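Open the model in your viewer and keep the selection tool at hand. The tour goes stop by stop.

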Amino acid sequence: MKVKMLSRNPDHYVRETKLDLQRVPRNYDPALHPFEVPREYTRALNAVKLERVFAKPFLTSLDGHRDGVNCMAKHPKSLSTVLSGACDGEVGDDKTVKQWKMDGPEYGEEEEPLHTILGKTVYTGIDHHWKKDIFATCGQQVDIWDEQRTSPICSMTWGLDSISSVKFNPIEVMFFLILYSKLSVNIAY
């Protein structure tokens, strides 16, 4: 009498810890897998699609900051110019507005601001007019400044609320928008 017995080594299919991967026995005989070529084609196609989905669209890095970037702005006329601001102490809550050159410093040249304005309150927002040489700052009050002057052209206050942001309207250039206490107001100047 012949007895046929299936014998397996437990080292081949039993995991040592629950973090180990479960081993699955496979038969690589091509006669048992008639759809292997289409299956591999589908896997390769899915891998290419996932590679495109998870691709990193990295263009460039913002060098020059020692801390995380806090705000970014684009130049209204030059699409290749992007400005960034960080919380690294160079531009802090010091009641000043500094105007810098758009070009970086030359080799060995010390980077100094072109123009510095000292204000009365801490500023929480700033925006430049789209066409004129004026800009607006906000904090405890909204100030409208001329680039060539060291005192504001106009100052406006609304109660005791602090104003968090000010933006000039790119279409209606005589209006600007202020944000305070989760409310927005259009103002004509």
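**Stop 1: strands 5 and 6**

Select strand 5 and strand 6 (residues 134–138): they pair in the antiparallel sense over 4 bridges. Strands here are DSSP runs of E, at least two residues long, and helices are runs of H or I, at least four, numbered from the N terminus. Two strands count as paired if DSSP finds at least two bridges between them. Pick Asp127 next; its bridge partner in strand 6 is Ala136. A hairpin of 5 residues joins strand 5 to strand 6.

Before moving on, note that this is a predicted model, where local features need pLDDT of at least 70, side-chain atom pairs count only at pLDDT 80 or more, and totals for chains, interfaces and linings use all residues. Residues are numbered from 1 along each chain as its sequence is written, and side-chain values use heavy atoms, leaving out hydrogens and water.

**Stop 2: inside strand 6**

Is strand 6 enclosed or open? Of its 5 residues, 5 are buried, so strand 6 is largely enclosed by the rest of the structure. Buried means under 20% relative accessible area, exposed over 50%, and partly exposed in between (1.4 Å probe, protein chains only). Show the side chains. Ile134, Ala136 and Cys138 point one way, Phe135 and Thr137 the other.

**Stop 3: on to strand 7**

Strand 6 also runs antiparallel to strand 7, with 5 bridges. The hairpin between strand 6 and strand 7 has 3 residues. Find Cys138 and look across to Val142 in strand 7.

Now select the whole open sheet: 4 strands, in the order 5-6-7-8, with antiparallel pairing. Strand 5 (125–128) and strand 8 (154–156) stand at the edges with a single partner each, so one side of each has no neighbour in the sheet.

**Stop 4: strand 1**

Jump to strand 1 (residues 69–74). The number of buried residues among its 6 is 0, so strand 1 lies largely in the open. It runs antiparallel to strand 2 (residues 82–86), joined by 5 bridges. Ala73 has Leu83 as its bridge partner in strand 2.

**Stop 5: confidence**

Colour by pLDDT, the predictor's confidence in each residue, from 0 to 100. The protein's mean is 79, and 88% of its residues reach 70 or more. Strand 7 (residues 142–146) has the highest confidence, at 89, and strand 11 (residues 183–188) the lowest, at a mean of 60. Where pLDDT is low, the predicted coordinates should not be read in detail.
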